[in-house]
Amino acid sequence: MKEIIYLDHSATTMVSDAVLREMMPYYNKFYGNASGLYFLAQESKNALELSRQRVARAINARPNEIYFLSGGSEADNLALKGVARANKRRGNHIITTKIEHKAILNACRTLEQEGFEVTYLDVLPNGMIRLEDLRKAIRRNTIIISIMFANNEIGTVQPIEQIGLIARKYNIIFHTDAVQAIGQFKIDVQRYNIDLLSISAHKFYGPKGVGALYVRQGVRIEKLIDGGTQEGDLRSGTENIPGIVGLGKAIEEADINLYQNTNRLITLRENFIKNIETQIPGVIINGDRKYRLPCNVSVSFRNIDAKSLIAELSNRKICVSGGSACSSKNPKPSHVLTAIGLHPSIANNTIRVTFGLDNDMEDVIYTVNQIKDIINH
Ligand SMILES: *Cc1c(COP(=O)(O)O)cnc(C)c1O
C-alpha cells in the first residue's frame, strides 16, 4: 500500500526523476547568467536554446516563437493584455468563455477597465461552447479570441480546430490556454491555426514557476515587464535556466510518451467512473463523457459536501480537490460548475479527481471504496 494516494495532478505534479536530474547541474555547476560573454554563460545560453527547440518541436512551432516566463498565469496575462494593447487601433473587442481560468477572466476585467469590451460565451451543460455562439459574437472590431484547450475543473475539451478555422476566416488572433492539455493531447499550432498558446511546466512533471508562451511570428504583442530586454524584449528578467531546462525536458518526455500515457490515464478514468457510478447511486459526472482530459473525473454527490469529503479523504491520505485548487479557499461555488448549470448546492458537493503517472488501478478501487465508506457513515 502506498503512503499517499495523490489524485490532484491538475493542480500540480511532482517533478519527474529525469527532469530533476537534468535541472540539477544548472543550479550550482552551470550557473552563469545567459547574457554573459564567457564560456560559463554560453553553457546557460545553450541550455536555454535547447529547451526552446524542445518546446517548439512538441507543438510544431519555430524556436523563435517560444518565450519563457514564470508560468501559466503570466502566459495568459501576457497573451491577452499584450495582444489587446498592441492591437487597440484595430479594435477593442475580445471574445472568451465563462469557464476560463481566473488568469484569463481577471485579465479581461483589467482590460475592461481600460476600455476594452469582452464577450464571455456561455457553455452547454457538457462544458462546450457552441460554434454558432462564437460566430454570432464576432464583430468588426474583434481583435482576439481566447478559448482554453481543456478545462481544469471539468476536463471538457473545446473544438479547437473549428475555433481556429473561424478565427482565421475572420482574421482574428486566436489564443488558447493549453496548460491542462500539454501532455494529454497532441497539439499542433499549425493544424489548429493557433496564434498564441500558454504552457506551464508544473502541470506535466516539470518545476513550478516556469512556463512559456508561443506567439506566432507576425502577431503584434506588447510586453508587460520592462528591463534588460531578455526573451526578445517580450519578457525581461534573468532567465530561470534550471526551470527552463526542466520545462524543456518535461515537454519532450510528455511528447515522446504521449499515447502510452494518455491510454493509461483513460483506463484509470473510465474505471473510476464505472466504479463510482455502480457503487454510489445518484452521482453526477460533470463535463463531456468523450471530449475530456484523459486524467480528469469531476463528480458531484447528492448529500455530502466536498469540504467534508476532502477532509475525510485527506485523513486517509488521499489527496483530491474541490472545484479547483485556485478556488478552494473561496466558499463561493466555482464559476465553471455554475456555468454548466449546476445548482450551487450541488456545485459545493463536487470533487475533482485527476490521475497521473504515479497512479494505478489499485488507487482507483481503494479510493472509490473509501468514498463509499465515508458517505455511508
Ligand atoms: C494551472 C493553470 C493555470 C495557471 O498556471 P500557473 O503556472 O500555475 O500560473 C492557467 N490555466 C490553466 C487552465 C491551469 O490549469
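**Close-up views of a predicted model**

**View 1. Helices α9 and α13 cross with right-handed geometry.** In a right-handed crossing the near helix is turned clockwise from the far one by less than a right angle; anticlockwise makes it left-handed. The model is predicted: local features need pLDDT of at least 70, side-chain atom pairs count only at pLDDT 80 or more, and totals for chains, interfaces and linings use all residues. Residues are numbered from 1 along each chain as its sequence is written, and side-chain values use heavy atoms, with hydrogens and water left out. Helix α9 covers residues 258-279 and helix α13 residues 361-376; their axes come within 10 Å and cross at roughly 25°. That angle makes α9 roughly parallel to α13. From α9, the contact uses T267, L268, N271, F272, N275, I276 and Q279; from α13, M361, V364, I365, T367, V368, N369, I371 and K372. Eight of these residues are nonpolar, six polar and one charged.

*Terms.* Helices (H or I, at least four residues) and strands (E, at least two) are DSSP runs, numbered from the N terminus. Axes are lines fitted to C-alpha atoms, for helices over the stretch in contact, and angles run from 0 to 180 degrees between N-to-C directions. Under 35 degrees is roughly parallel, over 145 roughly antiparallel, 65 to 115 roughly perpendicular, and the rest oblique. Contact means heavy atoms within 4.5 Å. Ala, Val, Leu, Ile, Met, Phe, Trp, Tyr, Cys and Pro count as nonpolar, Asp, Glu, Lys and Arg as charged, and the others, Gly among them, as polar.

**View 2. Helix α4 passes α5 in a right-handed crossing.** The axes of α4 (residues 72-86) and α5 (residues 102-113) come within 9 Å, at a crossing angle of roughly 30°. This makes α4 roughly parallel to α5. On the α4 side are S73, D76, N77, L80, K81, A84 and R85; they meet A103, I104, A107, C108, T110 and L111 of α5. The contact of α4 with α5 has seven nonpolar, three polar and three charged residues.

**View 3. I221 sits in the loop between β8 (211-215) and α8 (241-256).** I221 counts as partly exposed because its relative accessibility is 21% (buried is under 20% relative accessible area, exposed over 50%, partly exposed in between; 1.4 Å probe, protein chains only). Leaving out residues up to four places away in sequence, I221 touches L78, A79, G82, V83, A86, L196, L213, V215 and L234. K317 lies 96 residues from I221 along the chain, and their C-alpha atoms are separated by 46 Å.
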